[in-house]
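This briefing is meant for a reader who is new to the structure shown below. The notes after it are grouped by topic.

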Amino acid sequence: MKLLEERIKKDGRILPGNIVKVDSFLNHQLDIKFLEELGREIYEHFKDRKINKILTIEASGIALATLASQNFGGVPVIFAKKEKHKNIGTDLYTAEVKSYTSSKEYRVAVSKKYLDKNDRILIIDDFLAEGQALRGLINIAKQADAEICGLSVAVEKGFQKGGDKLREEGYDLLSLAIIDSINKGEIIFRDAN
């Protein structure tokens with residue numbers, strides 16, 4: 001998606017370890033109008049899948065998932081909570097996830113009352129590096145016997161191969177921008193053709 005690529009070039013920064021920082025518009029300060037455009041793009045790709053719930057992860061995926069939900073008629077957005085919260089209960093689907101950015105492992109959980117075999121799930125997150133967050137959400141959806149109708153992220157770091165592996169496994173993964181490489185601070189995007 002050219003719009004996202006241009007925004008990353010304009011406002012993104014590269015930190016040590018090839019961390020792509022887009023917190024000025026995507027995952028700390030939110031540019032709502034811009035996120036609405038991303039949400040529409042996700043909808044256009046998955047609109048015929050009869051999505052009835054969107055699954056994401058706390059916290060950075062919530063904004064994009066919410067704005068995408070508006071295009072699907074306001075379907076519920078469920079977010080996997082990190083660690084254990086007293087208010088979530090004990091009847092949970094859980095998965096272990098390792099964050100590439102923080103190098104921390106944590107457990108994510110979703111209450112069983114919000115996901116079941118009747119759900120047609122779209123999984124959304126802000127970033128994809130090695131794919132651990134998406135794999136944790138896939139694990140939760142499978143525990144619920146929900147049908148996974150697709151995966152979407154705003155930014156995929158293609159050089160880390162997480163997206164390639166998910167596609168090889170048969171998942172329909174829509175990445176709005178795929179970074180093929182970072183060379184001396186310059187971001188090279190994958191050609192959409």
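**Salt bridges and annotated positions**

Glu37 counts as partly exposed because its relative accessibility is 33%. The model it belongs to is predicted. The structure holds 18 salt bridges, and Glu37 takes part in one of them, with Arg40.

- The side chains of Arg40 and Glu37 meet in a salt bridge, at 2.6 Å from N to O.
- Arg40 and Glu37 are separated by about one helical turn, because they are three residues apart in helix 3, which spans residues 32–46.
- Arg40, with a relative accessibility of 37%, counts as partly exposed.
- Side chains of opposite charge can pair when their charged atoms come close.

**The pair of Arg167 and Glu156**

- A salt bridge joins Arg167 and Glu156, whose closest N and O atoms are 2.7 Å apart.
- Arg167 lies in helix 6 (residues 162–168) and Glu156 in strand 8, so this pair ties together parts that are 11 residues apart in sequence.
- Glu156 is buried, with a relative accessible area of 0%, whereas Arg167 is partly exposed at 28%.
- Through salt bridges that share partners, Glu156, Lys161, Asp164, Arg167, Asp180 and Arg190 are joined into one network.

**The pair of Lys10 and Asp11**

- Another salt bridge is formed by the side chains of Lys10 and Asp11, at 3.5 Å from N to O.
- Lys10 counts as exposed because its relative accessibility is 64%, above the 50% cut-off.
- Asp11 is partly exposed, with a relative accessible area of 23%.

**Positions listed in UniProt**

- An unreviewed UniProt entry lists Asn27 and Lys157 under "binding site".
- Asn27 is placed in helix 2, residues 23–27, and counts as partly exposed at 25% relative accessibility.
- Leaving aside residues up to four places away in sequence, Asn27 touches Val22, Ser60, Asp126 and Phe127.
- With one of these, Asp126, the side chain of Asn27 makes a polar contact, side chain to side chain, at 2.9 Å.
- Lys157 lies in strand 8, residues 147–157, and its relative accessibility of 3% is under the 20% cut-off, so Lys157 counts as buried.
- The side chain of Lys157 reaches the backbone oxygen of Asn18 at 2.7 Å.

Terms used
Residues numbered from 1 in each chain as written. Predicted model: local features only at pLDDT ≥ 70, side-chain atom pairs only at ≥ 80, totals over all residues. Heavy atoms only, no water. UniProt positions renumbered as here; feature names shortened; annotations may be inferred. Helix = DSSP H or I, 4+ residues; strand = E, 2+ residues; numbered from the N terminus. Buried < 20%, exposed > 50% of the residue type's maximum accessible area, 1.4 Å probe, protein only. Contact = heavy atoms within 4.5 Å. Polar contact = N/O pair within 3.5 Å; in protein donor to acceptor, adjacent residues only side chain to side chain. Salt bridge = Lys/Arg side-chain N within 4 Å of Asp/Glu carboxyl O.
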